[in-house]
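Please have the model open as you read.

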Amino acid sequence: MTCQVFVGEDISSNYQKYRFRAPDEKAKPHVLAVDLGCGTGQTTRLLAPHFQEVVGIDVSETQLEQARAVLSCPNITYRKGTAEDLPFPDGSVDLITASSAAHYFDKSKFMAEANRVLKPGGCIALIDFPLQKMRLHYQDCGERLTDILQEMLEVLMVDTSIPVVKSENMLEDFFSAISFPDKQRAEGILEKSTSSVRKVLGAVKTSSMFQIYKGKDAQRAEELFLDTQKRGRGGVDLQQLALQADAPVGNFHQATYLRRESLPTSV
């Protein structure tokens, strides 16, 4: 997790505003959860009610600054670090999560660390949401809006990197490489939410593929964004745009759950 795409106050601020969040599911409380590649803390904060302690880890200090700036539960802390070198004792962690981050990990080093720090019965949950599976719905123009979005993503993918391609492939290679005897892959769980075109495009703008594209040619990236925004407005009021994502968790399109065995039922 040494690839630093989300560095800088602007991208971290927009990341906090626009990135999609997983839903707040109820679960029994446990001791320690670790959220890797936590970004600005969207997933980290969802874990807080269910664990005595939650630690968010990211390589970007600006992302962590945004996370710390959000008022949240006192049992959350944020640390700068990587997925391949976890600052926890052997057998101390109940849950490791990574939301839209695992494609940047060194698989073998990460799994060695996960095996070291997880308790017997501990769990890994890897979550991702390929933007290319997103579907937009608004009156009779949802298909047109979806096509416009997908055309933008196709341009971005041409100049993107291998880690992002892995993400868009729904972490299939990562799942195959996992040696845990008890693992489960969940796909295609439908989740709907309501948003605006500004937020949808804002989410795309915070994606790693857009940041990589921007790093190569900032002016071209801004022109692509503005052109897509203009095409998307097309004479209709999009402020009540309904965004439907074919997703397993929140607005996620694919989730991979890996666990040694079931978590204990009590702390």
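## Where H5 meets H9

Met152, Leu153, Val155, Leu156 and Met157 of H5 contact Met209, Phe210 and Tyr213 of H9 (contact: heavy atoms within 4.5 Å). By class, this contact has eight nonpolar residues, no polar and no charged ones. Here Ala, Val, Leu, Ile, Met, Phe, Trp, Tyr, Cys and Pro count as nonpolar, Asp, Glu, Lys and Arg as charged, and the others, Gly among them, as polar.

H5 spans residues 142-158 and H9 spans residues 208-216. Their axes lie 9 Å apart, at an angle of about 60°. Axes are lines fitted to C-alpha atoms over the stretch in contact, and angles run from 0 to 180 degrees between N-to-C directions. H5 and H9 are therefore oblique to each other (angles under 35 degrees are roughly parallel, over 145 roughly antiparallel, 65 to 115 roughly perpendicular, the rest oblique).

## Basis of the model

This is a predicted model: local features need pLDDT of at least 70, side-chain atom pairs need 80 or more, and totals for chains, interfaces and linings use all residues. Residues are numbered from 1 along each chain as its sequence is written, and side-chain values use heavy atoms, without hydrogens and water.

## Overall make-up

The protein has ten helices and ten strands. These are DSSP runs (helices H or I, at least four residues; strands E, at least two), numbered from the N terminus. Of its 267 residues, 54% count as buried (under 20% relative accessible area, 1.4 Å probe, protein chains only).

Conventions:
Buried means under 20% relative accessible area, exposed over 50%, partly exposed in between (1.4 Å probe, protein chains only).
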